[in-house]
Amino acid sequence: MRIKNTIIGVGPLLVVGIAATTAATLLGHYYQVLPTFPTPEALETYPALRTVARVLALIVFIEGITLWSYAVIWGKFTTRFRSGELMDTGAYALVRHPIYSAFFSVCSAALIWPANLWAAAVIALNWAIMTVVLKCTEERWCLERFGESYREYCKKTPRLLPRPRAGRR
């Protein structure tokens, strides 16, 4: 099967899948179908736990919005994609998939907000879904299109989660 990539890529399906797992988890938490840990009593006894979760959620949310803006608005994603060049500078020097990474961050922030470790565990599920889907679709397409230069880019740039000083240009 020939891999074809468009400006949209697998994005809509991937985004819908991650949004669905996030929404289902949050609904499960708010309708008390999902177990709560720490317990509501513990959160009342130690309100700092909820505060820490909410501050962390806000930080992750802001990081996601900033990364998306850096990739799409400042990075001129549409223009660069249509030109056919390998995008490996700007946001793409931080992670190979900054737009998906940004969406992952926003969904992760939503899952951290309720201060429920069961909800937060879905972050790992979302990460696994994204990794498998991207590896089997867009990364394969990029390897076909850009060959060795993409392989070298992959060696120094993480897929979704930025590392400190990861290949910045």
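Biologist: Which residues have the most contacts inside the largest nonpolar core?

Modeller: Please note that this is a predicted model, in which local features need pLDDT of at least 70 and side-chain atom pairs count only at pLDDT 80 or more, while totals for chains, interfaces and linings use all residues. Residues are numbered from 1 along each chain as its sequence is written, and side-chain values use heavy atoms, with hydrogens and water left out. In soluble globular proteins, nonpolar side chains tend to be buried together. A nonpolar core is a set of buried Ala, Val, Leu, Ile, Met, Phe, Trp, Tyr and Cys residues joined through side-chain atoms within 4.5 Å. Buried means under 20% relative accessible area, exposed over 50%, and partly exposed in between (1.4 Å probe, protein chains only). Here the largest core has 20 residues, and those with the most contacts inside it are Leu14, Tyr100, Leu111, Ile112 and Met130.

Biologist: Which elements give two or more residues to this core?

Modeller: Helices (H or I, at least four residues) and strands (E, at least two) are DSSP runs, numbered from the N terminus. The contributors are helix H1 (11-30), helix H3 (47-74), helix H5 (98-112) and helix H6 (117-136). H5 gives the most, with 6 residues. Another core of 15 residues lies apart from it, with Ala71, Met87, Ala91 and Tyr92 among its members.

Biologist: How many helices and strands does the protein chain have?

Modeller: The protein chain has 8 helices and 0 strands. Of its 169 residues, 41% count as buried.

Biologist: Where is Ser101, and what does its side chain reach?

Modeller: A polar contact is a pair of N or O atoms within 3.5 Å; within protein, one must be able to donate a hydrogen and the other to accept it, and residues adjacent in sequence count only if both atoms are side-chain atoms. Ser101 is in helix H5, and it counts as buried because its relative accessibility is 1%. A polar atom of its side chain lies 2.5 Å from the backbone oxygen of Leu160. Contact in general means heavy atoms within 4.5 Å. Not counting residues up to four places away in sequence, Ser101 touches Leu67, Val95, Met130, Leu160 and Pro162.

Biologist: Is Asn116 buried or exposed?

Modeller: Asn116 is buried, with a relative accessible area of 2%, and its place is in the loop between H5 and H6. The Asn116 side chain reaches the backbone nitrogen of Trp118 at 2.9 Å, and one of its polar atoms lies 3.3 Å from the backbone nitrogen of Phe37. Leaving aside neighbours within four places in sequence, the contacts of Asn116 include His29, Leu34 and Pro35.

Biologist: How many aromatic pairs does a search of the whole structure find?

Modeller: Rings of Phe, Tyr and Trp (its six-membered ring) pair if their centres lie within 6.5 Å; planes under 30 degrees apart count as stacked, over 60 as edge-to-face and the rest as tilted. The search finds 2 pairs. Trp141 and Phe146 have ring centres 6.3 Å apart and planes at 90°, so this pair is edge-to-face. Tyr150 and Tyr153 form a tilted pair, 5.7 Å centre to centre with 55° between the planes. Both tyrosines lie in helix H8 (residues 148-156), 3 residues apart, about one turn of the helix.

Biologist: How many disulfides are found?

Modeller: A disulfide is a pair of cysteine sulfur atoms within 2.5 Å, and the search finds 0. Cys107 counts as buried at 7% relative accessibility, whereas Cys136 counts as partly exposed at 39%.
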